[in-house]
Amino acid sequence: MRHQIDRGIQLIQFPGFHYANCNCLLLEDDLRCLIETGFDESELQVLIKSPPQLIINSHGHGDHCRYTHAFPEARVLMHPADRSIVESAKGYLKEFNFDSLLSPEWSEIFLQAMCYRPIESFEEMEDGQEICTGNITFQVLHMPGHCAGHCCFFFPEQGFVFTSDIEFSEFGPWYGMVHSSVADQLNSLDRLAAIGAEYYISGHGTPFIRDPEGQRLMAYRATVLERQRRVAALLYNGRSTIEEIARELPIYRRLPRPETIFWAYELMMVLNHLRFLEEQGYAGHDGDTWYPAKNLGTAKLSL
Ligand SMILES: [Zn+2]
């Protein structure tokens with residue numbers, strides 16, 4: 001489904017939430033440019049007839065880079081912090097920690113569900129970089145947290161930010177990779193709020209998000225902090241390993257399906273919350289055993 005959102009800018013919407021698909025932008029300007037390639041097969045057939053000269057992937061996850069390989073003539077831009085996950089399936093699984101958390105069979109199921117295809121080469125983009133396709137100019141915002149290379153795109157003239165996987169769906173904030181970071185996620189949300197865009201275009205689900213009072217963004221942020229408090233409470237009440245804490249499901253409360261994959265996400269996000277507690281001086285660890293670093297009650301945690 002396409003929406004013309006401004007002169008030369010179309011949204012290619014993928015309704016609902018589905019692995020390996022996302023909402024994408026098509027810029028038909030002097031340069032024909034795609035932001036994201038997670039559209040469906042029918043859009044691929046249309047786009048292949050007039051292929052883009054430039055592809056920009058917000059980050060290296062398979063659902064955002066799905067068909068980048070289908071346009072070998074296009075220049076591809078991406079943030080270099082995601083290089084290891086797009087270069088090889090091995091690197092992708094390692095960054096999810098799936099080489100130790102999942103069986104080889106489940107890792108293969110995951111790669112297939114994400115339609116993983118390596119991207120052989122790309123040009124690096126950086127925070128603040130302006131990209132001009134002719135009449136349209138937009139800015140790269142490096143917004144890590146979800147993963148190390150995650151970027152959003154600010155269109156100042158049109159008043160929106162394409163927020164990619166700061167995605168406002170019921171699925172909630174996700175930061176389950178080795179180089180994901182709770183602190184970075186919170187900082188990125190604060191930075192996004194400070195821009196004061198007229199609206200956001202989310203990478204999944206309902207694309208157009210108007211949030212003039214910032215309530216949606218604050219609710220999204222609050223979800224991260226609620227999880228942080230739950231992880232802290234479990235640690236301060238005697239759970240000392242990632243698995244012991246994750247068993248209480250402080251992230252998802254109820255694991256979505258497939259549970260095997262979401263259990264791995266739960267473990268990784270608990271780990272990232274513990275790291276954040278450690279960065280703040282509230283936790284420490286000795287190998288796999290975590291402990292409260294100070295004798296503080298969770299009520300005193302200022303999160
Ligand atoms: Zn993602």
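Okay, let's start at Asp 82, which sits in the loop connecting β6 (75–78) with α2 (83–87); helices (H or I, at least four residues) and strands (E, at least two) are DSSP runs, numbered from the N terminus. A quick word on the source: this is a predicted model, where local features need pLDDT of at least 70, side-chain atom pairs count only at pLDDT 80 or more, and totals for chains, interfaces and linings use all residues. Residues are numbered from 1 along each chain as its sequence is written, and side-chain values use heavy atoms, with hydrogens and water left out.

So, is Asp 82 buried or exposed? Asp 82 is buried (under 20% relative accessible area, 1.4 Å probe, protein chains only). It has no salt bridge, meaning a side-chain nitrogen of Lys or Arg within 4 Å of a carboxyl oxygen of Asp or Glu. The nearest side chain of opposite charge is Arg 83, 10 Å away. Beyond neighbours within four places in sequence, Asp 82 is in contact (heavy atoms within 4.5 Å) with residues including His 59, Cys 147 and His 150.

Now the domains. By an automatic or database assignment, we have domain 1 (2–216) and domain 2 (224–284). Their contact takes 21 residues from domain 1 and 19 residues from domain 2. About 1,800 Å² is buried between them, 72% of that from carbon and sulfur atoms; that's accessible area (1.4 Å probe) lost on putting the two parts together, summed over both. Trp 106, Tyr 175 and Val 182 supply 28% of what domain 1 buries against domain 2, more than any other three residues. And salt bridges between the domains? The count is 0.

How values were computed
Buried means under 20% relative accessible area, exposed over 50%, partly exposed in between (1.4 Å probe, protein chains only). Lys and Arg count as positive and Asp and Glu as negative; His and the chain ends are not counted.
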